[in-house]
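Here is my note on this model, as numbered points. Please read it beside the coordinates.

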Amino acid sequence: MSNEAATVQTAEAAPEEEAAPRGLGVSLPAADARAKTEGTFPYAADLWAEGLLWAAVLRSPHPHARITSIDTTHAREMPGVRAVVTHEDVPGTPVPGRGKADRPVFASEIVRHHGEPLAAVAADHPDTARMAAAAVIVEYEVLDPVTDPEQAFEAEPLHPDGNLIRHIPLRHGDAEAVGEVVVEGLYRIGRQDPAPIGAEAGLAVPRPDGGVELYLASTDPHGDRDTAAAAFGLQQDQVKIVVTGVPGATADREDQSFQLPLGLLALKTGCPVKLAATREESFLGHTHRHPTLLRYRHHADAEGKLVKVEAQILLDAGAYAGTSSDALAAAVAFACGPYVVPNAFIEGWAVRTNNPPSGHVRGEGAMQVCAAYEAQMDKLAKKLGLDPAEVRLRNVMATGDVLPTGQTVTCPAPVAELLEAVRDFPLPPLPKDTPEDEWLLPGGPEGAGEPAAVRRGVGYGLGMVHMLGAEGADEVSTATVRVQNGVATVLCAAVETGQGFSTLARQIVQETLGIDEVHVVPVDTDQPPAGAGCRGRHTWVSGGAVERAAKMVRTQLLQPLAHKFGMSTELLQITDGKITSYDGVLSTTVTEAMDGKELWATAQCRPHPTEPLDDAGQGDAFVGISFCAIRAVVDVDIELGSVRVVELAVAQDVGRVLNPAQLAARIEAGVTQGLGAALTENLRTPRGLIRHPDLTGYALPTALDAPDIRIVKLVEERDVVAPFGAKAVSAVPVVTSPAAIASAVRAATGRPVNRLPIRPQAAVVTGN
Amino acid sequence: MTLPTTLDEAVAALTAMPAAVPVAGGTDLMAAVNSGQLRPAALVGLGKISEIRGWQYLDGHALLGAGLTHARMGRPDFAALIPALAAAARAAGPPHIRNAGTLGGNIASAAPTGDALPVLAALEATLIVAGTGGARREVPVSHLLAGMDVLRPGELIGYVRVPLLHAPQVFLKATGRTGPGRAVASVALVLDPARRGVRCAVGAIAPMPLRPLDAEQWVAQLIDWDNNRAIVPEALSAFGEYVAAACIPDAAPGEDGTVPPLPPAVLHLRRTVAALARRALGRALS
């Protein structure tokens, strides 16, 4: 949902001008903005190949069952069916999952969640494939599902690896410390779905050498290739993933439950095989945000300074571990928020249940705890009779303060400045000068809203999230820059997911080499790996690699000239395709200096290493942290409990603005995704069964739900260890906005609001 | 797929192919087809039947074509005629749904959340059903929705006859969001000054719209019909509570005679209905 908004915005923001903007710090529009806006941009669902077969995946209707038999005879005999595969047809390792490898390609003995794949069919028509998949006869012995994460500790193991995926008992400071004021709370965060605008789709093409090429909207092509090669029993160089356009990614794409069956079918039939998931399959297949249960106790002194935070955090990982261990680390490390907390005792668990698997969705872990610790700060303010912004200001951290993990925050942490910026921004005016029937009240235009029952509330959220992989993950990206005939080309396996990496790469090369025309080559796994497109990785690691490669090309280009004129290359500059020296003696064009040569350079960027959290949850686990402050203004109809977010004022710590329009679009998209989690987005799974896997039942924010988003301040305090000093911007607004909205609803209603999304019942003020 | 141009041709086509399914806007039907829940052997498209895409006046009534789209019903000229139906049509979903979805389709789908249904129930609308050989019969909309009188094979809803009351009408719905959404509860309320009556229907909380008849009669006596339809403010709240309690009754008393409390979600729904009914009457009388 987000990247479409971003591209449209940049396309509008920068009309074609004679002198096109270029370089860093300008709003260069995305190269593919026009094609995406006009609908001519090809996504995986648009691909075609000669002799194409269609795939369908049979998914479990039960959340927990023992498989007594799988009979594919009828499906195989159906006319038009070319192949049926089950767990017996997986030539490689049957459990090739990413993160902690515990997720099978196809369920063989046990199904552990609703929607788990059991078999896949290739046929000459998509309907035939679906009917054949439905004709596979599976006999189940239905088992009781474990759907309450609190029950997972006591329940029979749902998997050979056990039900406890990770436990972090963080201990920091003095356990005996007590504060004069104590506030407690129990919070529940629902299951948000990434709900990408384009559902999963892919094309698998077998190769004559026995390998296979997968055309997918993958955001982690090399990770997906390694998983696929392991499952197919092939060498890594026999599997190639070609990244097609990514139709929306706020989480990992693509999901293994369809891409592995797709490749297996192509290998088995020797024909190209395509699958375009329906919306329902999309909801059943991909991973979701971790539903979380949090119990908090904050101790503070009489002035409101935090003394100690105790918390228990329980993440529902669903049936498979996936990346839940990372989410738990973030949840535990950021459990106290961007506040100075001398003593912290945080117990975190990620447990296995029979719910649909949870995984990476931006800001995972950090978003859930933000909603809880900000609720605690509101409670503290209420108990002390302080202004909610004031109690936060008394506790905010700054550079040099220590996280509960023992890590010192070395990057810029202008939290107080951010909070003051949103606090002091003028409040949106009340619509008293416009006619009453034009007011947009909770419930929508011409809705049931009545001015007399509407209360306005103002609330604050302060959020933080780490950038890049944590706990010793090897973060590295490789980029190549080529220049020929005055045109530069960038090769880097960093996927353009809508975050704007390819635009940024063009800007970096323009800035370094002074060349206007820069192309970014499509990504495949023949290029060296760049890591998954998440956690701000590509702005930092891949952007850094592109800059280094471009600088190497620059040196290659200027070295002969510098040598000839007896000056260093630093004294030469390239602008508008011309090379000039600092004193104006030398002036030539890039084309002349190139002299028909072709210049190539490849470089890597690898940030400083991190270390895993130890048994007490201590360690320098994060490369960098970004911060955000949001002030939410909401209107609540206190009889119906309907909430309309009027305005979100955002101040963010960005390090350096590299592309203002793109940056604004990322913040707006992130804030709106957070708004969905705060108000409407919750994939309900009563007894482990996904209810309403469609966009009617799962309500994403529409234009009417989205508030005015005011970017009040972007603090440009450069992070010295990051390339360009820039911080990643997409995740932290998602983390912060749900907390700010809940805080504002609390202020409007006086209700505790301890559950996200906020149900109308929780925002109603009853007389008694 | 056949595309008849008159109602009788459409009925003939349906009679000739009993397995065929009529389709107008397709906003409900095609979703069922696309998700594989419905595989109609043939479709009879109703989009070309111009006689059911407009409305006409008849004896103090409006005869609405079943093919009227929500977008058309939402326009000001229609709103001047039947304000509550226009309000329901405007609330019925995002623009692309309103452009396609039709009045007849809303009735035929009979989804509990159909926004037109409580309005038609409050208006006590009558359906004109077309049958084979040019036959026409009248079915009260509530009879159809309650399943007392169902469409027979080959029959189509042709028109909806709605009284023109020349008085304020209100449709309110609670959705839990600001953007378009399905109703959690909705209330349609119309005044009938000629008969000095109030008619009210509550939608979305039951398989069909509910009419709180006692509450209607009770509140109609409290309105000073000759004096700008004045009412004491307390009566508005009491009406809301009355409607809500009628539509969402207390649980049956246990063996010891105590009434178990309603679950919190049901209690919230009851409060929602009460607020909607109170606001609807307040707006109609203001």
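1. Two strands pair if DSSP finds at least two bridges between them. Helices (H or I, at least four residues) and strands (E, at least two) are DSSP runs, numbered from the N terminus. This is a predicted model: local features need pLDDT of at least 70, side-chain atom pairs count only at pLDDT 80 or more, and totals for chains, interfaces and linings use all residues. Residues are numbered from 1 along each chain as its sequence is written, while chains are lettered from A and ligands numbered from 1 in the order in which they are written.

2. Start with the hairpin in chain B. Strand β5 (residues 126-130) and β6(B) pair antiparallel over five bridges. Val129(B) stands opposite Arg137(B) of β6(B). Five residues lie between the two strands, and Gly133(B) in the turn has a positive phi of about 65°. Strand β6 (residues 136-140) of chain B is hardly covered: of its five residues, the count of buried ones is zero. Here a residue is buried if 20 or more other C-beta atoms lie within 10 Å of its own, exposed if 12 or fewer, and partly exposed in between, with C-beta atoms placed from the backbone.

3. Next, strand β15 (residues 343-352) of chain A. Nine of its ten residues are buried, so β15(A) is largely enclosed by the rest of the structure. Strand β7 (residues 164-172) of chain A runs antiparallel to β15(A), joined by eight bridges. Within this pair, Arg166(A) has Ala350(A) as its bridge partner, and Leu170(A) stands opposite Ile346(A). Strand β14 (residues 306-318) of chain A runs parallel to β15(A), with ten bridges. There, Lys308(A) has Asn343(A) as its bridge partner.

4. What is the order of the six strands in the open sheet of chain A? It is β7-β15-β14-β13-β8-β27, with mixed pairing. The edge strands are β7 and β27 (755-756) of chain A, each pairing on one side only.

5. Helix α8 (residues 324-333) of chain A belongs to a right-handed β-α-β unit with β14(A) and β15(A). Right-handed means that, with the strands pointing away from the viewer, the path from the first strand over the helix to the second runs clockwise. α8(A) lies across β7, β14 and β15 of chain A, at about 20° to β7(A). Axes are lines fitted to C-alpha atoms, for helices over the stretch in contact, and angles run from 0 to 180 degrees between N-to-C directions.

6. Helix α10 (residues 213-222) of chain B has a buried side. Ala215(B), Glu216(B) and Val219(B) are buried there. They cover an arc of only 100° around the axis, which puts them on the same side of α10(B). The arc is that of the directions from the helix axis to the C-beta atoms. The face turned away carries the exposed residues Leu213(B), Asp214(B), Gln217(B) and Gln221(B). The buried residues of α10(B) pack against β10 (197-203), α11 (233-247) and α12 (264-285) of chain B.

7. Now a loop residue. Gly233(A) sits between α5 (221-232) and β11 (239-243) of chain A. Gly233(A) is exposed, with 12 other C-beta atoms within 10 Å. Not counting residues up to four places away in sequence, Gly233(A) touches Pro91(A) and Gly92(A). Contact means that the C-beta atoms of two residues, placed from the backbone, lie within 7 Å.

8. Last, the interface. 23 residues of chain A are in contact with 24 residues of chain B.
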